[in-house]
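Hi,

Here is the structure I said I would pass on.

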Amino acid sequence: MNAPEETRVPDGAALDGATVVVVGGSGGVGEGVVRSLLAAGAVVVATGRDEGRLAGLAARRATEGLPGTLHTRVLDAMAPSLDADVGELAREFGAFDGVVVAVASWGDQGRKPALALDDREWQDLLDGNLTSVFRLFRAFLPRTAPTGVVLQLNGMSADIPFPGSAGVALSAAATKSLTLTLAAELGGRGPRVVQLVLGVVRTRARQQAGIDDVRWIDATQIGDHVVDLVAGVGPLADTPLQYFTDRSEGPRPGPAFR
Ligand SMILES: NC(=O)c1ccc[n+]([C@@H]2O[C@H](COP(=O)([O-])OP(=O)(O)OC[C@H]3O[C@@H](n4cnc5c(N)ncnc54)[C@H](OP(=O)(O)O)[C@@H]3O)[C@@H](O)[C@H]2O)c1
């Protein structure tokens with residue numbers, strides 16, 4: 001059984017020198033993705049809003065001797081300057097070979113029945129989980145290499161009811177729709193656009209809080225799949241809708257829509 005801090009083949013070959021941005025790289029799932037990308041030799045730009053969280057990520061990676069290179073940058077998807085900020089990243093790092101959108105915002109309202117949300121809570125949840133993703137696609141897609149991939153990580157609430165977390169769930173459904181719409185609009189011209197729906201993930205933060213289950217998917221297993229997608233290898237390299245909800249089954253294609 002893999003521990004969350006382990007990765008598959010840390011040989012540095014698969015993504016040698018490729019540049020991959022992980023938006024939300026300081027988050028629970030993002031950290032596992034960052035680690036796998038570094039193990040594959042990528043130049044990784046991990047972003048988040050909180051400098052302290054980014055510094056923690058950098059400190060944990062610094063001692064591991066992984067072949068890739070980690071840069072951390074503060075980036076707020078809701079900042080008016082987002083487009084300029086992403087333009088700055090593109091000037092610094094060149095066209096991106098991969099962009100992973102791994103943002104989540106649970107809000108401060110806690111679990112609440114849908115109709116108990118007040119207007120501010122509703123708007124904050126939509127801003128944090130839907131508008132943020134739209135703005136990130138709009139800023140990053142044009143700056144991604146035509147051979148690259150823009151990937152949104154999502155949860156199963158994109159497909160199924162999620163009582164007590166309506167704002168998060170309906171945003172998940174909407175960002176799934178948005179991602180698939182973008183993939184269809186591009187129609188194979190330009191970067192690949194991928195929606196990856198995940199089951200429950202074992203993250204470092206969850207384990208530290210004593211919340212763990214060996215049946216959950218390791219964040220680095222997701223990262224290893226992301227490495228394949230950025231490298232453009234494997235049976236799902238060109239599949240817009242994919243699921244990784246069962247750790248023993250691994251990633252699988254979603255239904256195709258024609
Ligand atoms: N954890 C799971 O079990 C699970 C299961 C299925 C799917 N997922 C998906 O995985 C993704 C990440 O979830 P997670 O559990 O890793 O969440 P998380 O630990 O809360 O991390 C969220 C990340 O997103 C960043 N972020 C949030 N709002 C942002 C904004 N407006 N602009 C820029 N960055 C922002 C956070 O940075 P700051 O902390 O600095 O704000 C943090 O780096 C989500 O799409 C979620 O649906 C997670």
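Two cavities of 30 Å³ or more turn up in the structure, which is a predicted model, so please read everything below with that in mind. The second largest cavity holds about 30 Å³ of space. Its lining is made up of Q109, G110, K112, L117, L125, G164, S165, A166 and G167. Sorted by class, that lining has five polar, three nonpolar and one charged residues.

Now the ligand. There are 23 residues around it, and the ones that come nearest are R49, D50, R53, L153 and R206. Split by class, the shell has 10 nonpolar residues, eight polar and five charged.

- R49: a backbone N or O atom is 2.7 Å from an oxygen atom of the ligand.
- V29: here a backbone N or O atom sits 2.8 Å from a ligand oxygen.
- V103: a polar backbone atom lies 3.1 Å from an oxygen atom of the ligand.

How much of the ligand does the protein bury? Taken alone the ligand exposes 900 Å², and 87% of that is buried by the protein.

As for which elements build the shell, α1 (28-39) and β5 (144-155) are the ones that give two or more residues to it. Of the elements, β5 gives the most, with three residues.

Cheers

Conventions:
Residues numbered from 1 in each chain as written. Predicted model: local features only at pLDDT ≥ 70, side-chain atom pairs only at ≥ 80, totals over all residues. Heavy atoms only, no water. Near = heavy atom within 4 Å. Polar contact = N/O pair within 3.5 Å; in protein donor to acceptor, adjacent residues only side chain to side chain. Areas by Shrake-Rupley, 256 points an atom, 1.4 Å probe, with all protein chains shown as cover. Helix = DSSP H or I, 4+ residues; strand = E, 2+ residues; numbered from the N terminus. Nonpolar A, V, L, I, M, F, W, Y, C, P; charged D, E, K, R; others polar. 1 Å grid on protein atoms, 1.4 Å probe; cavity = no way out; pocket = protein on both sides within 12 Å on 5 of 7 lines; lining within 4 Å. Points joined across faces, edges and corners; volume = space filled by probe spheres on them.
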